[in-house]
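Student: I've just opened a new protein and could use a guided tour. Can we go through it together?

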Amino acid sequence: MEHVTPCEDVPPPLMYRVERPVFNEAYLHTQLLHPRERIPKTIRQRLAQQLHCSSEKAKAIALSFLPILTWLPSYPVKEYLFGDLVSGLSTGVMQLPQGLAYAMLAAVPPVYGLYSSFYPVLLYTFFGTSRHISIGTFAVISLMIGGVVVREAPDSMFTIQALNGTATNTTVFIDTEARDARRVHVAVVLTTLVGVIQLVLGLLRFGFVAIYLTEPLVRGFTTAAAVHVFISQLKYLLGIQTPRFSGPLSALHSVTAVFSDITSTNVTTLIVGVVCMVVLYCVKDLNERFKKKLPVPIPGEIIVVMVSTGISYGLSLSENYQVDVVGTIPSGLLPPAIPDFSLLPNLVTDSIAIAVVGFSMGISLAKIFALKHGYSVDGNQELIALGLCNFVSSFFHTFAITCSMSRSLVQESTGGNTQIAGLLSSMVVLLVVVAIGFVFQPLPQTALAAIIMVNLLGMFKQFRDIPALWRTSKIELAIWLVAFVASVLLGLDLGLLVALGFAILSVIYRTQSPKSVILGQVLDTGLYCDVDEYEKAAECTGIKIFHSNSSIYFANSDLYLNALKEKTGVDPVHLQAIRKARKRELKKESAERESQNHKSPQKMRAVVKLDVELGVTHEVVAGGGSQNHLEVQGNGQVAETHTESDSEETRFLEPLCPVHTLILDWTPVNFIDSVGAKAIKLVIKEYAAVDVCVFIAGCSRTLLAELRTLQFFTGVATPEMVFPTVHDAVLHCRRRTAPPTIPAIQ
């Protein structure tokens, strides 16, 4: 303190003084707290309230359904327009090659990737609540669609045998035109069903479903999807022809097929692909290193597309070196058409998985940008927006979409402020589709494969999660690994199902293996902490305070009671056994004394007579503790006090253990069901039989309401044994067990 100058006086600590009686639930419920009287509403009144229409309510509904109306009328043109313009052009330039490339993942012709990069982006501008995410094609969703498409329209369905002059010499080839048309139909129907599911979930306010896809699950799943995507692009990078597999172990089958046919690698295709990968990687590295100095990221994808297209056209790579190219890209937009709904029954399960994964990707990225820029996104409206984008666009021959992480980062980092940037990027795609789509016909497929592979680098960096999760949470690490391994081996659809099931089981495991501790009081405070962890926390004499951080329900009620008996060291069954053994022992001793007294009654009487004559108080101890006290009173009479039965009763009623009270700290208990309530009442009764009182502390009002609904406060359980805090319960127990004070005799 001598180093503290007057201007640096330390302010006195803020004191917390409360003086009140010790409360229990009976007093709180009847005297202190008075619930508000609420008149229950009839169904008719509730319907009338919900269906009541007013101008304010109509305006609120319109604004929630069309979020663009909330910000477009007040759009600051001078502040936002230039940034949105630059961002829209940058994102649109990036959207073009990714749309072409991800269409290959979806197993449909590349032009359908451009359709999917136009219609959904246009619709999301009006219905989406996020201002920064870029809607369109995405590798994971495209790969999931491709797996379904290949399963429903495999190459084997379109093989044709052609005769080579003789009946015995035939050639088998695939009718690619019919195959591609069938695959487009499957992708479109699947997209329609995905849109319907997302739209219905949004209207039913099921935006919370994404919370069940925990972050480790999503990251493990997307890393596995990156592995699938990388494997699927190997054949395009090497220029070999292998079948596309789907279902369990499809990744292993694809790798086996590639390596079994690796001797037929097209060297020219491989060189073009590797050069494109090197250029893309260097450009991305430059963008990352100098992102603060570059006004706009260098558009590496469009540079690679334009240069490789020019080289392919100039050198005629398709004719001279057998390099596979994109091929025909029809100009203009296709007229709308109704999907073939006869395919729906086979696609329900897949559509649910794609709908949930697509929404999860979108809402997670939207929340990140909303938190960064200080606005909010509505999960239910996002579901409706994605549902409308998929459903309406499917009539214009698109496949399912969601937001892209790489494009969203570009849209945000280049100055995008609203979805005007997304609208401008869709206009860039429209310009290419309508006017200059034919320019990309000579584009080598290996260049698109290089774009896809390099864009997977961000997903492969998620392997860094493994050491981080090992240090922080072993359970989340297990979820990550299960999601990754299951999705790689079983496929993305079954892998997601397995990972989701494992995540739910992990929650059940946590509730069934909570941390249970004994609390002790911190000296001179009302605080109670774990006695094993904190030195200042000391147990109260004769009182055990049990704390378990879990709710009590059918799945863990037995575990809760077992932990209670183990931690406190007070087992009523064991104490009952001790009491019965003690009772048998006392009964045996009593029988032995009676037998001994029956054999020598005369001797005992003689001794007593002699002692009376001498006026002596004498004790005869026999049979291990029985006593007779003989006293000569003042009037010459002898007073004889027999304490044998009192001694037996005292020994029988000795405490069976030093603990006389248990306090259950229910502060972390969120709910209790009928099974848990019955288990607690049963254990209260068991402890009462061995003279151990049980009290409950820290119940929330919601939990108390549940207990009353379950008729918990009947029989052995009463409101008087429930206290609002642990300290209330401890003070009550100390007063109850304190020895009575005897007033002094004047």
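Predicted model: local features only at pLDDT ≥ 70, side-chain atom pairs only at ≥ 80, totals over all residues.

Student: Let's start with the big picture. How many helices and strands does the protein have?

Tutor: The protein has 746 residues, and 43% of them are buried. Among contacts between residues at least 6 apart in sequence, 79% join residues at least 24 apart. As for secondary structure, the count is 30 helices and 13 strands.

Student: I'd like to look at the second largest pocket. Which helix gives the most to its lining?

Tutor: The second largest pocket holds about 780 Å³ of space. Helix 6 (111-116), helix 9 (176-203), helix 10 (215-238) and helix 19 (445-455) each supply at least two residues of its lining. With four residues, the one that gives the most is helix 9.

Student: And what about the kinds of residue there? How many residues of that lining are nonpolar?

Tutor: The second largest pocket is lined by 33 residues, and nearest its centre are Arg179, Asp180, Arg183, Tyr236 and Gln445. Sorted by type, the lining has seven charged residues and nine polar ones, while the nonpolar ones number 17.

Student: Now for the strands. How many residues of strand 5 are buried?

Tutor: Strand 5 spans residues 516-522, which makes seven residues. The strand is mostly covered, and its buried residues number six.

Student: Which strand is joined to strand 5 by four bridges?

Tutor: Let's go through the partners of strand 5. Strand 7 (residues 537-538) pairs with it over two bridges, and strand 6 (residues 528-530) is joined to it by three. Both of these pairings are antiparallel. The four bridges, also in an antiparallel pairing, go to strand 8 (residues 543-548).

Student: Another positive phi, please. Leu249 has one too, so how does its accessibility class come out, and why?

Tutor: Leu249 sits in the loop between helix 10 and helix 11 (250-260). Its phi is about 65 degrees although it is not a glycine. Its relative accessible area is 37%, which falls between the 20% and 50% limits, so Leu249 is partly exposed.

Student: Over to the helices. Why does Ser308 count as buried?

Tutor: Ser308 is in helix 13 (residues 300-315). Leaving out residues up to four places away in sequence, Ser308 touches Cys276, Leu443, Pro444 and Ala447. A polar atom of its side chain lies 3.2 Å from the backbone oxygen of Val305. Buried means under 20% relative accessible area, and Ser308 counts as buried because its relative accessibility is 6%.

Student: One last stop. Which residue is 118 residues from Pro572 in sequence but 6.4 Å from it in space?

Tutor: Pro572 is in helix 25 (residues 572-599), and it is buried, with a relative accessible area of 2%. Beyond its neighbours within four places in sequence, Pro572 is in contact with residues including Lys565, Glu686 and Tyr687. The residue at 6.4 Å, C-alpha to C-alpha, is Val690.

Methods. Residues numbered from 1 in each chain as written. Heavy atoms only, no water. 1 Å grid on protein atoms, 1.4 Å probe; cavity = no way out; pocket = protein on both sides within 12 Å on 5 of 7 lines; lining within 4 Å. Points joined across faces, edges and corners; volume = space filled by probe spheres on them. Nonpolar A, V, L, I, M, F, W, Y, C, P; charged D, E, K, R; others polar. Buried < 20%, exposed > 50% of the residue type's maximum accessible area, 1.4 Å probe, protein only. Pairing = 2+ DSSP bridges. Polar contact = N/O pair within 3.5 Å; in protein donor to acceptor, adjacent residues only side chain to side chain. Contact = heavy atoms within 4.5 Å.
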